[in-house]
Amino acid sequence: MAITDVPAFAHLTNADIESLAVELDAIRLDVEESRGHRDARYIRCAITAQRGLEVAGRVLLTASSHRSAWWAGTATLGAAKIIENMEIGHNVMHGQWDWMNDPEIHSSTWEWDMSAVSKHWRLTHNVMHHKYTNILGVDDDVGYGVLRVTRDQRWSPLHLGNLFVNAVLAIGFEWGIGLQSLELEKFFTGQSNRKIALEQIREFRIKAGRQVFKDYLAFPALTSLSPAATYNSTLSANAIANVIRNVWANAVIFCGHFPDGAEKFTKTDMAGEHRGQWYLRQLLGAANFNAGPALRFMSGNLCHQIEHHLYPDLPSNRLHEIAIRVNDICDKYDLPYTTGSFLMQYARTWRTIAKLSLPDKYLRDTPDDAPETRSERMFAEFGSGSADGQASTARRQGLKSAIRVVHQGMHRPHTGGSPRYSR
């Protein structure tokens with residue numbers, strides 16, 4: 001089940017964790033001190049390119065009665081919406097560019113091109129998700145309240161629809177994000193401040209109404225003035241462009257949070273958590289996927305989800321260089337650095353969602369050592385998970401080595417002397 005003791009699970013001493021924090025803090029300091037012209041130029045060029053793509057898409061759709069122009073305009077507009085959502089909106093609202101003191105590119109003023117209200121998202125995402133990453137019962141991004149992604153979530157017959165629900169969530173992801181921020185369940189059960197909740201609902205209705213008006217009324221009406229376009233051709237193009245953006249954003253985000261190795265935690269981890277333990281939880285709770293320059297840009301550099309969770313307010317264009325140093329640190333402390341190809345990571349998220357649609361009795365792996373959920377209890381047969389008091393060796397024996405030992409033990413023939421495991 002979920003991890004209750006992060007240091008024990010990671011097989012690190014308190015001294016190790018303090019040292020880990022010092023090294024990760026040093027990376028932050030280096031990047032903060034070196035931010036400058038090239039970083040500012042990067043985000044301004046990204047915004048200019050995105051706006052150019054959007055204009056090009058809109059122009060192409062003035063000929064959307066022709067199939068080739070419809071496809072070209074839809075794809076171009078979809079790409080523009082992806083860049084605005086992933087590389088610009090998400091990262092600007094994390095405060096990654098606040099150091100520039102540019103009111104146009106500031107977390108407090110940016111309003112992105114989707115139905116979610118920016119200030120609502122900043123609270124639920126920047127605070128609840130990034131501070132309490134993958135802590136069950138606190139971080140609503142663990143399943144978004146509709147998906148079962150860990151066995152710590154009690155199974156119900158509704159979870160038989162896990163795959164269908166995820167498909168619907170992907171198609172309408174912007175609406176899921178917008179509604180999630182409202183916490184309607186708390187509103188209807190009387191757990192939230194009614195005055196504040198009603199104001200948030202009003203703000204969401206205004207923002208969502210503007211998005212619907214822009215994409216499904218104003219732009220289709222405008223382009224229908226062209227003799228080579230119709231209202232319906234532009235309406236359908238805008239709808240598909242939004243779906244393209246939604247499905248892509250869903251895929252990228254899920255690849256960073258639900259593949260094998262992205263661990264879950266219990267509320268006990270919050271008690272007295274210091275900086276090093278927070279860093280450790282971010283390392284263990286996120287996953288990357290391999291990407292070249294184009295895929296990095298189109299994913300908002302969230303192919304480096306581990307680094308983004310360690311440094312959510314550092315410029316996204318620096319995460320690739322940060323990743324090299326973080327990978328080295330993980331190797332030094334014998335910690336897993338969870339990554340893989342995009343298709344493999346995405347396939348693993350769908351496999352987990354499919355698998356957990358079933359009751360636990362039909363699942364083969366143990367609840368403390370399944371691909372989607374592990375805990376310190378997986379080491380029970382091998383003694384304490386903590387490294388405190390262990391004799392030092394030439395190479396630190398941390399979590400990566402401990403997992404390897406357990407899995408070797410699972411497949412070792414039973415001789416009567418060692419515990420036998422079965423998967």
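What is the relative accessible area of Cys255, and is Cys255 buried or exposed? Cys255 is buried, with a relative accessible area of 0%, where buried means under 20%, exposed over 50% and partly exposed in between, for a 1.4 Å probe and protein chains only.

The model is predicted, so local features need pLDDT of at least 70 and side-chain atom pairs count only at pLDDT 80 or more, whereas totals for chains, interfaces and linings use all residues. Residues are numbered from 1 along each chain as its sequence is written, and side-chain values use heavy atoms, with hydrogens and water left out.

**View A. Helix H4, residues 67-92.** Helices are DSSP runs of H or I with at least four residues, numbered from the N terminus. Of the 26 residues in H4, 20 are buried.

**View B. Ser233 in helix H10, residues 231-257.** Ser233 is buried, at 11% relative accessible area. Leaving aside neighbours within four places in sequence, Ser233 is in contact (heavy atoms within 4.5 Å) with Ser64, Ser65 and Trp70.

**View C. Cysteines without disulfides.** With a disulfide taken as a pair of cysteine sulfur atoms within 2.5 Å, the count comes to zero. Cys45 is in no disulfide, and the nearest cysteine sulfur, that of Cys303, is 19 Å away; Cys45 is partly exposed, at 47% relative accessibility. The sulfur of Cys255 is 11 Å from the closest cysteine sulfur, in Cys303, which is too far for a bond.

Terms used. Helix = DSSP H or I, 4+ residues; strand = E, 2+ residues; numbered from the N terminus. Expected span 1.5 Å × (residues − 1).
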